[in-house]
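Hi,

Here is the structure I said I'd pass on to you.

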Amino acid sequence: MLIGLLSCCVTGATAQTFEEYRKRIQSEFNQYKSDTEREFKEYRDRINAEFAEYMRQTWPEYKAKPAKPVPPSPEPPKPVVKEPDTPPSNDPIPYDEVIPAPKPVTPPQPPVPIPEPTVTPKPTFSFRFYGETCRLPLENKHRFSLSAVDENGVANGWKKLSDEIYLPVVKECLAYREQMQLCDWGYVLFVDKATSSFFPSDRQNEARLMSMFILTQSGYKVRIARSGNKLVLLLPSKDPVYQYSYLTLNGCNYYVFDKSLKRASFNVFDREFPKEQFFSLRMNQLPVLPVTSSSPRKLISKFGAGLSVNIQTNRNLTDFLNDYPLSDKWNLYSSASLSDYAKEQLYPVLKQAISGKEKAEAANILLRFIQTAFEYQTDEEQFGYERPFFADETLFYPYCDCEDRAILYSILVRELLGLDVVLVYYPGHLASAVCFDSEVRGDYFTINNRRYVVCDPTYINADIGQAMPQFKETNARIVRID
C-alpha cells in the first residue's frame, strides 16, 4: 500500500512538472513570436518611412522610348505541301546555336513577413478578374486622397499606405496569387484591377500608388513615375516587352504600364526597395480561372482513318492571354502547356488514337493531326501584326501559323509520349524535332550526342523525319524547352 501511495505521488508530481514545462515552452514561444513580429514591424516601418522621405527628393526626368513591335517573321505565305513522290531521306541538318531553356522562376516573396491579423478581416470589397469574383478586406478607411502628384504629395500618400491597416490587403492579394496560380504579369494585372476598381475614376493616381505599395510589399521591383498630372507604374524586365513604351534606368528597361499614355517624358522615382525582385514574363503554368466556354469547334485530322474532336476553350483564359505581353521567346509559350479544361477534352481522344502504337507511329499521328486539322493563316493576315499563340489560343482562334503549330505539337509530344522535344527556328519558319528512345530514320539534328528527328507541323502530309526541302541546307537555331 505504501508503494502504491508513493507511486501515485510520483505520477502526480511528474504530471504537474510536465504541465508546467509545457506552459513554460508555450510562453517562451509566444514571447519569441511577439519579439520577432515586433522586430519585423519596426523594420517594415523604418524602410517604408525612409522610402517616403526619399520620395520627397526631386524626381529626375527621363525620355521614354517608343514601344517596339514584335519582330516580324518572314513566314511562308502558305504551308508547304509535300509532293507524294518525295523520297524519304536521312540527312543531318546544320545548326549554329542551341538556345537553353529558361531557368525556373519562383514568385517574389515579401521582403518582411506579413503577420497574421489578430482579428480576421472581413472581405468587404469585391471585383471581377477574368470571370473570378475576388474579395479583399478594403473599406472606406482605406481610401485616401493625394493632395498633389508632386514629390511631397506622393510621399505623404506612401506614409498613409504604410499604416498596418493595409497589410491584410497585401496578404489577401498574395493568397489570390497562390490560389489562382498567377504568374508575375497576372499578379500585376490582379493588383491593378483591384486598386482601379476600388478607387473612383477621378482618383486613379491613388490607385496607382496603392498598386505600387502592394507590389513592393509583395517583393516586386517596381517604380512610379509622373507624367503631367498622372502617375504611372514602371515595370522592369530583363526580356523585351513588346508594344509597351519604356525608359532605360541604370541599364535596365522599365516598361510603362499604360499603353494609352503617349507622353515622351516622365519624372521618375528611382529608388530600390529592400529585397526587390525582377518580374519574369515566364508562365510556369496557366492561371486557374472560372470556365466560360467558347463556341464548340470541331478539329478533324485528314490523316488515315482520321480522328476528330469537339473542343471548347475557356474564354476567361483566352481573354487573359490576349492581355499578356507578346514575346519572341517560343519556349515561354511551350512551357506553359495547355489548360486542364482543354486537356480534359483533347487528351482522351488523342490518347485513344495513339493507344498501342509505337512512339514513332504515335508521333506521326499527332503530327498529321496538327498539319491537317488546323487552318493556316499568317499573323499579319489574321491580326495585322506578329503574335505567337499559347496552345489554348491555337485551339480558340480560327487560324494559326507555323510557330503556333510547333508550340502545340511540342506540348503534345512531351506530355502524351514523354519524349524530349526542341523547337527549330529557321529564318522565317518554326518547326520541331523529337528525340526518340529508339532508332528512327529521317532528317535529324545531333545535339550532345543525341539524335533529334525533324517533325514539321506545317509541312503538310510530311511524316516525321521529313524536313522542308528549302530549309535543309540552312543553319537553324535550336530552342530548348524545359
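Predicted model: local features only at pLDDT ≥ 70, side-chain atom pairs only at ≥ 80, totals over all residues.

The largest pocket holds about 750 Å³ of space. It is lined by 33 residues, and those closest to its centre are Pro102, Asp239, Lys329, Asn331 and Leu332. Two elements, α7 (330-335) and β20 (476-479), each give two or more residues to this lining. The largest share comes from α7, with three residues. By type, the pocket lining splits into 17 nonpolar, six polar and 10 charged residues.

**The cavities**

How many cavities of 30 Å³ or more does the structure hold? There are three of them. The largest cavity has about 120 Å³ of space. Trp185, Leu235, Val241, Phe279 and Leu281 sit closest to its centre, out of 13 lining residues. At least two lining residues each come from α4 (184-198), β7 (230-237) and β9 (252-256), and β7 gives the most, with three. This lining is made up of 10 nonpolar residues, two polar and one charged.

The second largest cavity comes to about 40 Å³. Among the residues around it are Leu321, Tyr324, Tyr333, Arg387 and Phe390. Its lining counts seven nonpolar and two charged residues, with no polar ones.

**The cores**

The largest nonpolar core has 121 residues, and the ones touching the most other members are Phe190, Leu338, Phe369, Tyr409 and Leu412. Helix α12 (residues 402-417) gives the most to this core, 10 residues.

**A buried arginine**

Is Arg226 buried or exposed? Its relative accessible area is 12%, so Arg226 counts as buried, the cut-off being under 20%. You'll find Arg226 in strand β6 (residues 223-227). Its side chain reaches the backbone oxygen of Val149 at 3.2 Å. Not counting residues up to four places away in sequence, Arg226 touches Trp59, Val149, Asp150, Glu151, Leu231, Phe266 and Asn267.

Happy exploring!

Conventions
Residues numbered from 1 in each chain as written. Heavy atoms only, no water. 1 Å grid on protein atoms, 1.4 Å probe; cavity = no way out; pocket = protein on both sides within 12 Å on 5 of 7 lines; lining within 4 Å. Points joined across faces, edges and corners; volume = space filled by probe spheres on them. Helix = DSSP H or I, 4+ residues; strand = E, 2+ residues; numbered from the N terminus. Nonpolar A, V, L, I, M, F, W, Y, C, P; charged D, E, K, R; others polar. Core = buried A, V, L, I, M, F, W, Y, C linked by side-chain atoms within 4.5 Å. Buried < 20%, exposed > 50% of the residue type's maximum accessible area, 1.4 Å probe, protein only. Polar contact = N/O pair within 3.5 Å; in protein donor to acceptor, adjacent residues only side chain to side chain. Contact = heavy atoms within 4.5 Å.
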